[in-house]
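Please consider the following model with attention to its fold, its charged pairs and its surface.

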Amino acid sequence: MLVLSRKVGERILIGDKITVTVVKIGHGGVRVGIEAPPELAVVREELAEELNRAEQALTSGPTESIAD
C-alpha cells in the first residue's frame, strides 16, 4: 500500500487514466474526486460488498431437495 500526504487540490495519478484529487479536508474526513474511464467501475468498498452479497444470494438461491 502506498501512503501519501496531499493538500487540497493536489492529485495522485494511477496509471495513465485515473486521477484522484483531494477536494476537501475536515471534520475527520477527506473528500476526494476520482476521474476514471467510463468502462472502469469506481465504487465505495461498502457498496461493493453489499452488491457482492446480493449477487451471491441471487446465484445461490433457495435449495430444493426432492424426497422419495
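Does Glu 10 count as buried, partly exposed or exposed? Glu 10 counts as partly exposed, because its relative accessibility is 28%; buried means under 20% relative accessible area, exposed over 50%, and partly exposed in between, with a 1.4 Å probe and protein chains only. The model is a predicted one, in which local features need pLDDT of at least 70 and side-chain atom pairs count only at pLDDT 80 or more, while totals for chains, interfaces and linings use all residues. Residues are numbered from 1 along each chain as its sequence is written, and side-chain values use heavy atoms, with hydrogens and water left out.

The architecture may be taken next. The protein has one helix and three strands, where helices (H or I, at least four residues) and strands (E, at least two) are DSSP runs numbered from the N terminus. Along the sequence these elements follow the pattern β-β-β-α. The three strands form an open sheet in the order 1-2-3, with antiparallel pairing; two strands pair if DSSP finds at least two bridges between them. Strand 1 and strand 3 are the edge strands, each pairing on one side only. On average, neighbouring strands of this sheet are turned by 25° against each other, direction ignored; the axes are lines fitted to C-alpha atoms, for helices over the stretch in contact, and angles run from 0 to 180 degrees between N-to-C directions.

The two pairings can be described in turn. Four bridges join strand 1 to strand 2 (residues 18-26), and Ile 12 stands opposite Val 20 in strand 2. These two strands form a hairpin with three residues between them, and Gly 15 in the turn has a positive phi of about 65°. Strand 2 is joined to strand 3 by seven bridges, again in antiparallel fashion, and here Gly 26 stands opposite Gly 29 in strand 3.

The charged side chains follow. Side chains of opposite charge can pair when their charged atoms come close. A salt bridge is a side-chain nitrogen of Lys or Arg within 4 Å of a carboxyl oxygen of Asp or Glu, and by this rule the count comes to three. Glu 10 meets Arg 6 in one of them, at 3.7 Å from N to O; Arg 6 is partly exposed, with a relative accessible area of 34%. Another joins the side chains of Arg 11 and Glu 35 at 3.8 Å. Arg 11 lies in strand 1 (residues 11-14) and Glu 35 in strand 3, so this pair ties together parts that are 24 residues apart in sequence. Glu 46 and Arg 44 also meet in a salt bridge, at 3.0 Å. Arg 44 counts as exposed at 53% relative accessibility, whereas Glu 46, at 45%, counts as partly exposed.

Finally, the surface. Of the 68 residues of the protein, 7% count as buried. A nonpolar patch of about 600 Å² is made by Val 8, Ile 25, Val 30, Val 32, Ile 34, Leu 40 and Val 42. Patches are made of residues with over 30% relative accessible area and no salt bridge, like charges being joined within 9 Å and nonpolar side chains (Val, Leu, Ile, Met, Phe, Trp, Tyr) within 5 Å. Strand 3 (residues 29-35) provides the largest share of the nonpolar patch, three residues. Val 42, by contrast, lies in the loop between strand 3 and helix 1 (45-60), and counts as partly exposed at 48% relative accessibility.

Notes: Accessible areas come from the Shrake-Rupley method with a 1.4 Å probe; for residues, only the protein chains shown count as cover.
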